[in-house]
Amino acid sequence: MAETNIPTFKLNDGTEIPSFGFGVFKIPADGSTYKAVADALKLGYRHIDTAVAYFNEQEVGKAIKDSGIPRDQIWVTSKMWLQDFAYEDAKKAIDTSLNKLGLDYIDLYLIHQPYGKVDEAWKAMEEAKKAGKIRSIGVSNMTVKIWNEFVPKFATMPSVNQVQFNPYFQQKDLRKTMAKAHVTLEAWGPLGQGDKELFNEPILNDMAKKYGKDVGQIILRFEHQEGVIVFPKSVHEARIKSNKEIFDFELTSDEMDAIRALDRNGKGMHDPDAPGVKDQLLGAFDVHAND
Ligand code: NAD
């Protein structure tokens, strides 16, 4: 079993979350998710990011169980899908996630997409937190506009906001709002989902050469030093291993500034504020197709 040298970040509810983990979006539930999560755990990962809408919670849970690693040493995040936001549905959805994962509690549960009856879903999540079914609760894909629409009505401040983040898309305005509210940012797509242009950036390649690292490690290290939680995805054991090797070097403040300057200050590949997004998402992921 690999050494785990992953630093934790303290969330606004006092819990310590491993600042680095493993994402399983788009990994099929045909044994591939089981293998990828088992490999990640063997290589020292202790934080897995899944969702109801990834359709692979069951394999995540089985890999965790079979790893033999004590439950309290692994951080598990899952997310409620749009179809389940009405209060009674939301309560049921949390129990379904627990059952699929085969766990007594989930470390972090998120509102996956912020549309519709978000307030009812949030209430069910607050209650599940009180009941010990969830340790921390948070949101995802909230822009400043969406944040201001929903969060002032919440009784509990979210602990995280999981949004698209990479050197081209650094969410500078949103991060100011999050910092004021002591909410930690989680990056989805921390490697730009493998964006070739990003991986070819000359300054990132120069830094990779200097530190004897690869470009993926430079990007993830930058994000870590920015205080952002990352969980890159890969199904290849060599990349699962190398992506985690970012805790034995440090970028200088000039290097951090140079990567900060890559920000394009624009819209990401997914724009949560765009009209029609909710319907597109509902059309793309039907979490009750097999009910
Ligand atoms: P990512 O940025 O982690 O990129 C993954 C892709 O990058 C891989 O499929 C592979 O093609 C490539 N890659 C991985 N390691 C590499 C390396 N070392 N060198 C070169 N290429 C490499 O993208 P992601 O999977 O979309 O995001 C990470 C996680 O974030 C997801 O798995 C999921 O858990 C979460 N996520 C959440 C949301 C949300 O709406 N909340 C959306 C997307 C993803």
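Author: In this predicted model, the end C-alpha atoms of residues 32–263 lie 34 Å apart. The boundaries come from UniProt, where an unreviewed entry gives residues 32–263 the feature "domain: NADP-dependent oxidoreductase".

The sheet comes next. Eight strands form an open sheet in the order β3-β4-β5-β6-β7-β8-β9-β10, and their pairing is parallel. The edges are taken by β3 (22–23) and β10 (229–230). Each of these two strands has a single partner strand, so one side of each is left without a neighbour in the sheet.

One pairing can be followed down to a residue pair. Strand β6, residues 106–111, runs parallel to strand β7, residues 134–140, and five bridges join the two. I111 has V139 of β7 as its bridge partner.

Among the helix pairs, consider α1 and α2. Helix α1 covers residues 32–42 and helix α2 covers residues 57–67; their axes are 8 Å apart and the packing angle is about 40 degrees. The two helices are therefore oblique to each other. The crossing of α1 past α2 is right-handed. On the α1 side the contact is made by S32, T33, Y34, V37, A38 and L41, and on the α2 side by E59, V60, K62, A63, I64, D66 and S67. Sorted by class, this contact of α1 with α2 holds seven nonpolar, three polar and three charged residues.

Helices α3 and α4 form another such pair. Helix α3 (residues 87–101) packs on helix α4 (residues 118–130) at an angle of about 45 degrees, and the axes are 8 Å apart. That angle makes α3 oblique to α4. Here too the handedness can be stated: α3 passes α4 in a right-handed crossing. From α3, the residues in contact are Y87, A90, K91 and I94; from α4, they are E120, A121, K123, A124, M125, E127 and A128. The contact of α3 with α4 has seven nonpolar residues and four charged ones, with no polar residues.

The pair α9 and α11 has another geometry. The axes of helix α9 (residues 215–225) and helix α11 (residues 253–260) cross at roughly 100 degrees and come within 11 Å. At that angle α9 is roughly perpendicular to α11. The residues that meet are I218, F222 and Q225 in α9 and M256, I259 and R260 in α11. By class, the contact of α9 with α11 comprises four nonpolar residues, one polar and one charged.

To put the pieces side by side: the sheet is open, with eight strands in parallel pairing. Of the helix pairs described, α1 and α2 are oblique to each other, α3 is oblique to α4, and α9 is roughly perpendicular to α11.

Technical notes
Residues numbered from 1 in each chain as written. Predicted model: local features only at pLDDT ≥ 70, side-chain atom pairs only at ≥ 80, totals over all residues. Heavy atoms only, no water. Pairing = 2+ DSSP bridges. Helix = DSSP H or I, 4+ residues; strand = E, 2+ residues; numbered from the N terminus. UniProt positions renumbered as here; feature names shortened; annotations may be inferred. Axes fitted to C-alpha atoms, helices over the stretch in contact; angles between N-to-C directions. Parallel < 35°, antiparallel > 145°, perpendicular 65-115°, else oblique. Left-handed = near helix turned anticlockwise from the far one by under 90°. Contact = heavy atoms within 4.5 Å. Nonpolar A, V, L, I, M, F, W, Y, C, P; charged D, E, K, R; others polar.
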